Amino acid sequence: MSTATAPRTGTAQLATFWLDGDLYGVEVEHVQEVLRAQKLTRVPLAPPAVAGLINLRGQVVTAIELRERLGRPARAADAESVVIVVRMHGEAVSFLVDGIADVVHVDAADFEQPPDTLDGRARELILGAYKLDGRLLLALDVSRAVAA
Amino acid sequence: MDGLDDIVEDFLVESHENLDQLDRDLVALEQDPGSRERLSSIFRTIHTIKGTSGFLAFGKLEQVAHVGENMLSKLRDGVLELTPHRTDALLAMVDTVRELLGSIETAGGEGAVDVTRAVELITAAMDDEPAPAAEPAAAEPVVAEVVAEVVEAPVVVPAPVAVAPVPVPAAAPVPAPAPAAEDEQAPRRAVADSTIRVDVDLLDALMQLVGELVLTRNQIVQYVSRQTDTDLVRAGQRLNLIASELQEGVMKTRMQPIDHIWSKLPRVVRDLGQQCGKSVRLAMEGNETELDKTLLEAVKDPLTHLVRNSVDHGIETPEARRAAGKPAEGVLSLRARHESGQVVVEVIDDGAGIDPARIGESAVRKGLVTPDALARMATADVLQLIFAPGFSTAAAVTNVSGRGVGMDVVKTNIEAIGGTIEIESEPGTGTCTRLRIPLTLAIVPALTVECAGDRYAIPQVSLQELVSLDAEKAAAAVEEIGGAQVYRLRGELLPLVRLADVFGLSSDRHDGHVVIAVLRSEGRRFGLVVDRVINTEEIVVKAVGAQLKSIGLYSGATVLGDGTVALILDVQALARRALRAETVERAEQRTAASVAAATARAGAERQRMLLASIGGGRRVAIPLDTVTRLEQIRTASVERVGSREVVQYRGAILPIVRLDRHLGATSSYGYDEPAPETLEVIVYADRDRSVAIVVEEILDIIDDSEAKHSDIDDMGLLGSAVFGDKVTELLDVRAAILAADPGFYAFDTAAGSPARDDLMVV
C-alpha cells in the first residue's frame, strides 16, 4: 500500500492538516470525512497512540493520536483536535490532528525523500516531502500510520 | 404440494435452481471445455441430485443422475473430453431430470417418465472414443449409429463431427422432453414462489441496520421521556414497539432449526457404530429449536465431533455393555432447547463415562499439568483438562475421531461465537457435554458497569450474579490470601479481580463499597470488582480495529443509548490474564469441595433467591428470575397519583409498592423520621409493564437448594424458609405487584410467567 501512495509522476491531491507546526498531507482518496473534536472513549492498555474510540454515526472507529504516533509532544490540554476519518482496507480509522488545511495539488516533480533530520519514528511514517512555496508538505503513509 | 414432505420440497426447490445453473454451465462449458472448475461444479450438482434421489427412493432419477455422474467424473478427470454431442447428452439428461422433478412435484412420484433413452444416450456418448474433437472421426459404424441418435448435433456444433451425416432420426429424443419441461414450468414455480432465497450478506446488512435502528430508538426514547408533548411520547412508544418487532423479525429471518445440522447425524452415528462394532440408537429432542444461521454453521463441526467422540470413546461395545449390566444398545441423545436467551445443546451418551484418573494421568504425561497440581484438582476440573490444547483422549488414535479436530478446537470454536462448553461425566453411566450458544451474535444482552469513569459492557452469558458490599461489610468479607483478594461468597472463596487494576487505572470509588460481578469462564468463577453497576441492556456488537484486538481484553465495542462508545469485555481473556496461575490453582483448590457439592446436587431443581431486608429485622426472599433490575431511586422523585406512589423511570411511570407497608413491617425509619435520600428498589417487569418494589436493603443472592421451608400463611407471603440460619419470608410476588398495580395482570389471560413464578416459590 505504501508504494501505491508514493507518488512517482504527475499530480496528486493531498488533504492537508497541521500537526505541531508542520503541514502534513494524505491522499484525498483515503479521506472519508473530517470532523471536529469528538467524544473519545478511552481504551485501557491500548498502545499509547490509540487515543480512544469514537462513535461515527453508530459505527465504532478507532482514533489515533497522530502527535503520539509521530513522536511529537502532546497537544495542549485546552487545544481541540480535529478528526480525520480515513478508510483503509475497507475499515474506517481516524487520526487526531491539530487543524485541517486545504486540499493541495502537488506535483511529483516537487517530491523528495524524507529529510535526514527526521527522527526514527516519524521517518517510518513519512513517505517524503513536497516542496511547496515557502514550506514543506510532508506526505503521510496512511497504511503505516493506522497500524498503531 | 401439501402431499410433499419438507425434504422433498426442499429438494425440488434446490434442484430446480441447480438445473437452471447447470444449463448455463453446460453451455458455457462448451465455449471453454477446459474449465475444470465448471466441470466440478456440474459434477457436484448432479452428484447431489443423485445422492438425494437415492435417499428419497426416486429410482429413475437416481439412475439418470448416476450415468450422468459417471460421465462427468470421467470428463472432470480428463479421461473423456467434452465433445458437443457429449454436451448434448448431458443436456438431454438435464431435461430428463427436470421432467422427473416435474412429475414428482405434480404427481408425487416419478410417474411414467421414460429415462431409458437418456441413459442410453449418455452411455453411448461415454463409450465414444476419447478422440480429440478436431479429428474428423470417420468413426466406426457403432459410433456413428449411436451418435446418430444423439440428436441435432449439427445445430449446436460448428465443427464438423462424426454426427454430421446422419441428422435425420435425431430430433426425437430431445424435443420430446423439452416441451414437457416447459409444461412443468408453471406448477414448479408454485414451490419456488413460496420461498425466496436471500443472500446472507443482505440479511447481515439488514441486521446491521436494525442494530443501528435499535440504538437510535434507545436515544429517541430517552429523549422523548423528558418531553411533555403527548403526541410525541405516543409516537416514541410506537417507534419503540415497532423497532423491537422489526428486530425480532429480522432476527427470525436468520433463524434456522437446529435440525438442519442434526439431520445428517443419524447417518454419521449409524456408520460410525457399524465401524466400531457398536450398536447405537440416536434420540433427538428439540429438533425445531432455532438459532442464527451463522451460529448454526459454526456449531456444525464441533457438534459432529462431539457426536463422533461419544460413539467412538463413550459408548461401549455390546459385550462390554452387557457385562456392565446395561442394554446392549447404547443411547446417544441430542437435546436442544432455549434457555434464558441462549440455546442449550446437550450431547448425552449412556456409555462408559470418562475416568478422571485416566484423564489426569494423560494430562500429566503430556505435560499439561504437574502431578502436584493434579493432586489438588477437583474431579470436575480434571474433566475440563480434556479441553486443554494438545490433549487427546483416544488411547489409540482411531480413524474415527481425532482427525484434526481435538476437543480444544471444539472449545475454541464454541467460544469464538460467544458460547460455552462444559462436560459432566459419571464413570460407568455416561457423559454429558453441554453447549450454550447465544441466539444471535449481533445483539446480545449485557451488563454495563463503570470503572474509573468509563463504562464497559459484560455479556450476560458470563455473568452469574452481582454482589454489592458496603464499606463495613466489604472490610470484613473481602480477605487477602497471599496478596490475592478473595471474597467469601456463601462459604466459597471467590478470587477477586479489580478491573481498575487490570487496566492500570485508579478506581474512582473511594467510599469502600465493593461491587462484584461474579463471572464464570472456562469452568472457573471469579469476581470482577467494578466501581458501579449501571444497568442491563441489549447491545449491538461492533467489531473493533486490529489495534485493539491485539490487546486481547475486548471482544468488541458497542454504542450505548446515549451515544457513548463502550468496550465489551472479553471475560475469558480477562480471566486468563488476571488470574495468575497460582491464584487459579489456589482458587481451584478452595472451590473444589463446593464444586463437587454443586455437581452432586445439580439434578435437584435450584432456585436463586434475592434476599432483602424490609425493616424491623424481617427478611424477605424473592425469586431472582422475577427480578428485572435492582435500582436506587431518589426519594424526592417519588410522586403521587391518587393514593398510589409512582416514580418516573426510563420514560415510563412505575408504580411503587413499599414492602414494609405491604407486609406490615415496622419500618426502620418512622414516618416522622426523615426518609432516606434514596430507596432501594427491585424492578419487576412483564411485557411492557413494570413495578418497583421498595425494600430496606438488598442483602444477597442465595440458592434455595437446602433451605427448610414451612408454610406460614400470612397475607402477602407464601411461606418461610431458613436461609443462613435466619428465618426468611417468601414473598408472594404476584400479590405484591397487584398491590402496586391492580391492572398489572389484566392482560395476562394466558397465565404466563407470573403464575409460574408463584408456583416456583412454593
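What we have is a predicted model, in which local features need pLDDT of at least 70 and side-chain atom pairs count only at pLDDT 80 or more, while totals for chains, interfaces and linings use all residues. Residues are numbered from 1 along each chain as its sequence is written, and chains are lettered from A, with ligands numbered from 1, in the order in which they are written.

Let me start with chain A, which has four helices and 11 strands, these being DSSP runs numbered from the N terminus, with helices as H or I of at least four residues and strands as E of at least two. Among contacts in chain A between residues at least 6 apart in sequence, 58% join residues at least 24 apart, a contact being two C-beta atoms, placed from the backbone, within 7 Å.

Turning to the interface, chain B contributes 20 residues and chain A 19. On the chain B side, the elements giving two or more residues are α9 (200-224), α21 (546-549), β17 (554-559) and β18 (565-569), and β18(B) supplies the largest share, three residues.

Finally, an unreviewed UniProt entry lists B:His47 under "modified residue: Phosphohistidine", with the caution that such annotations may be inferred rather than shown by experiment, that feature names are shortened, and that positions follow the numbering used here. B:His47 sits in helix α2 (residues 36-55) of chain B, and it counts as partly exposed because 17 other C-beta atoms lie within 10 Å.

Methods: A residue is buried if 20 or more other C-beta atoms lie within 10 Å of its own, exposed if 12 or fewer, and partly exposed in between; C-beta atoms are placed from the backbone.
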